[in-house]
Amino acid sequence: MMHWLNMGGYWPFVWPSYLITLFALALNIYLARRSLAAAKSEARRRAQAQRSEA
Amino acid sequence: MNWTWFHRFGSPPHFFRIAGKMVPWFAWLAGIAAVAGLVGGLALAPPDYQQGEGYRIIFVHVPAAVLSTMAYAVMASAAGVGLIWRMNVAHAVAASCAAVGAWFTLVALATGSLWGRPMWGTYWEWDPRLTSELVLLFLYLGYMGLRGAIDDTARADRASAVLALVGVINLPIIHYSVDWWNSLHQGHTLLKFGKASMPPSMLVPLLLMMLAFTLYFAAILLVRARGEVLRRERNARWISEAIGERP
């Protein structure tokens, strides 16, 4: 296991590459979901406002 | 040729509904392909005869780099469709591509830099491939900045679409930079002289990771585009039904 983690001595370059990628992919999922949730929440608020006006 | 599907996909309620159904499929398939690609790339593929274990950065660097240009191509195509056919959904798709594409570009630059240090002895070099990829990042940032600077959505769509289309010139420069100029960067990763440039034990995990990144991009793009469509169509009657609110 330690041999694999060491990546032949290249671990300071290999693992940060994977961590950066994982971070970016996870952040994009969060941002995309937050953006859609905000749009839905705004649409719901408008729909409720229209209903109460009617 | 029957173009009905094209025009149906351009209908905001239809797009919103279909995109919502497609997202889970893309997301699950991306996850499965990523797990298979990571196991193949990190555990099963043999070390490279020159770069040893250090080459394993390829399994995230190349997919990120490919997706950085693919996202731009999708963004420019959608912007062109929006500009020509005045299709609001196409502009929403184009606007949704930019942030994801910029992140892929940043990941490609960062992982390339980490790969360059042990192989070239430097984190950065003003090499044609690296420089053109950096220009791509600036194009994405410029596109987002331009959209953010214009309050009127229709004007922002038109102006940013023109910028996106002009920036397409950078895509062949990125792709062929390793052929046209002397470059520190290695040549084409997948094909060399029409043949695969690596053995199947390395190529298969790489293709799986590229598939995973592509499906991930599709899922994220559709989630963002659904939100963008909701914002643009905020006064439309179909919205209440689509989000589960009775009008």
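Helix 2 of chain B, residues 12-44, has 33 residues and should span 48 Å at 1.5 Å a residue, and the distance of 45 Å between its end C-alpha atoms agrees with this expectation, the expected span being 1.5 Å times one less than the number of residues. Helices here are DSSP runs of H or I with at least four residues, strands are runs of E with at least two, and both are numbered from the N terminus. The structure is a predicted model, in which local features need pLDDT of at least 70 and side-chain atom pairs count only at pLDDT 80 or more, while totals for chains, interfaces and linings use all residues. Residues are numbered from 1 along each chain as its sequence is written, and chains are lettered from A and ligands numbered from 1 in the order in which they are written.

Helix 2 of chain B bends by about 25° at Met22(B), and a proline, Pro24(B), follows within four residues; the bend at a residue is the angle between axes fitted to the seven residues ending there and the seven starting there. Among the buried residues of this helix are Phe15(B), Phe16(B), Phe26(B), Gly37(B), Gly40(B) and Gly41(B), where a residue is buried if 20 or more other C-beta atoms, placed from the backbone, lie within 10 Å of its own, exposed if 12 or fewer do, and partly exposed in between. The buried residues of helix 2 pack against helix 1 (4-9), helix 3 (58-85), helix 4 (88-120), helix 8 (200-232) and helix 9 (238-242) of chain B.

Helix 4 of chain B also has 33 residues, and its end C-alpha atoms are 46 Å apart, in agreement with the 48 Å that it should span at 1.5 Å a residue. A kink of about 30° is centred on Ala98(B) in this helix. Because 26 of its 33 residues are buried, helix 4 is largely enclosed by the rest of the structure. Thr105(B) has its place in helix 4 and counts as buried, with 26 C-beta neighbours inside 10 Å. When residues up to four places away in sequence are not counted, Thr105(B) touches Ser68(B), Glu133(B), Leu136(B), Leu137(B) and Tyr140(B), a contact being a pair of residues whose C-beta atoms, placed from the backbone, lie within 7 Å. Gly116(B), also placed in helix 4, is buried with 20 other C-beta atoms within 10 Å.

Chain B as a whole contains 9 helices and 2 strands. Its radius of gyration, taken over C-alpha atoms, is 20 Å, which agrees with the value near 18 Å that a compact globule of 247 residues would have under the rule of 2.2 Å times the number of residues to the power 0.38. Buried residues make up 42% of the 247 residues, and of the contacts in chain B with a separation of 6 or more, 77% are between residues 24 or more positions apart.

Between the chains, 26 residues of chain A are in contact with 33 residues of chain B. The residues on the chain A side divide into 15 nonpolar, 6 polar and 5 charged, with Ala, Val, Leu, Ile, Met, Phe, Trp, Tyr, Cys and Pro counted as nonpolar, Asp, Glu, Lys and Arg as charged, and the others, Gly among them, as polar.

Note on methods
Two residues are in contact if their C-beta atoms, placed from the backbone, lie within 7 Å.
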